[in-house]
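Thank you all for coming. I would like to take you through one model this morning, moving from the fold towards a handful of annotated positions.

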Amino acid sequence: MDTIVIAGLGNPGSKYQWTRHNAGFLFLDRIAQLEGLSIVRKQFGGLTAEWERKGKRLVLLKPQTFMNLSGQSVMPALQFYKLKAEQLIVVHDEIDLPLGTARLKHGGGHGGQNGLRSIMQQLGKGDFTRLRLGIGRPLHGEVTNHVLGIFTPTEMDVFARVLDGALDMLETALDEGVPKAMSLFNNKSYLEG
């Protein structure tokens, strides 16, 4: 059975639960909710669940190392399952995309996202797929306060639609490949219900 690790990035603890930086955790929580899974097994310095879908074993991983050390959880998971970087999908918040968007991308740099930076340091390369969930840049003020800020109720309504759209994108990528999913979904906006 093919195995793929889907690592949703965020920070552990209730203080961070609804922050923009926890977009990756919120995405995995949405999958768990829809599929009746519980992401509670303690492994690899994180919490995991397995989602069997169409002959693939998808390991859902929420690193509990805090964002800046995400690689210390992702790397052991890949080693345990004897996987290459190509068998990793990282789901993370993206300040360079506006709220209401999600983009799939294979490879590239970390763009200042510390979770990606940590994973790339551990892997020695960036040759994995990223599912980037837009949170937008703050108009004024510090980026750290923005990413660690809590979604407003209006933003959360939009972000809930983004999560469902991103799940459609992920399932298309798993079934038909990343390029097909990119062409179908990368230009969609979820701002309107």
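Let me begin with Asn-114, which is partly exposed, with a relative accessible area of 28%; here buried means under 20% relative accessible area, exposed over 50%, and partly exposed in between, computed with a 1.4 Å probe on protein chains only. What you see is a predicted model, in which local features need pLDDT of at least 70 and side-chain atom pairs count only at pLDDT 80 or more, while totals for chains, interfaces and linings use all residues. Residues are numbered from 1 along each chain as its sequence is written, and side-chain values use heavy atoms, with hydrogens and water left out.

Asn-114 is found in helix H3; helices (H or I, at least four residues) and strands (E, at least two) are DSSP runs, numbered from the N terminus. Leaving aside neighbours within four places in sequence, Asn-114 is in contact, meaning heavy atoms within 4.5 Å, with Met-67 and Asn-68. The side chain of Asn-114 also makes a polar contact with the side chain of Arg-117, at 2.2 Å; a polar contact is a pair of N or O atoms within 3.5 Å, where within protein one must be able to donate a hydrogen and the other to accept it, and residues adjacent in sequence count only if both atoms are side-chain atoms.

Staying with helix H3 (residues 114–123), Gly-115, Leu-116, Ser-118, Ile-119, Met-120 and Leu-123 are buried, and the buried residues of H3 pack against helix H2 (71–80), E5 and E7. At the start of H3, a side-chain oxygen of Gln-113 comes to within 2.7 Å of the backbone nitrogen of Gly-115, and after the helix comes Gly-124, whose phi is positive, near 80°.

Turning to the sheet, in what order do the 7 strands lie? The order is E2-E3-E4-E1-E5-E7-E6, in an open sheet of mixed pairing, where two strands pair if DSSP finds at least two bridges between them. Strand E2 (41–43) and strand E6 (102–106) stand at the edges with a single partner strand each, so one side of each has no neighbour in the sheet. Strands E3 (residues 46–53) and E4 (residues 56–63) pair in the antiparallel sense over 8 bridges, and Trp-51 has Leu-58 in E4 as its bridge partner.

Now to the loop between E1 and H1, where His-21 is found. The UniProt annotation "active site", from an unreviewed entry, covers His-21; such annotations may be inferred rather than shown by experiment, feature names are shortened, and positions are given in the numbering used here. His-21 counts as buried at 12% relative accessibility, and, not counting residues up to four places away in sequence, His-21 touches partners including Asp-93, Gln-113 and Leu-148.

Thr-19 lies in that loop between E1 and H1 and is buried, with a relative accessible area of 1%; the Thr-19 side chain reaches the backbone oxygen of Tyr-16 at 2.7 Å.

Finally, which positions does the UniProt annotation "binding site" cover? In the unreviewed entry, they are Tyr-16, Phe-66, Asn-68 and Asn-114. Tyr-16 counts as buried at 17% relative accessibility, and, not counting residues up to four places away in sequence, Tyr-16 touches Asn-11, Asn-22, Phe-66 and Leu-148.
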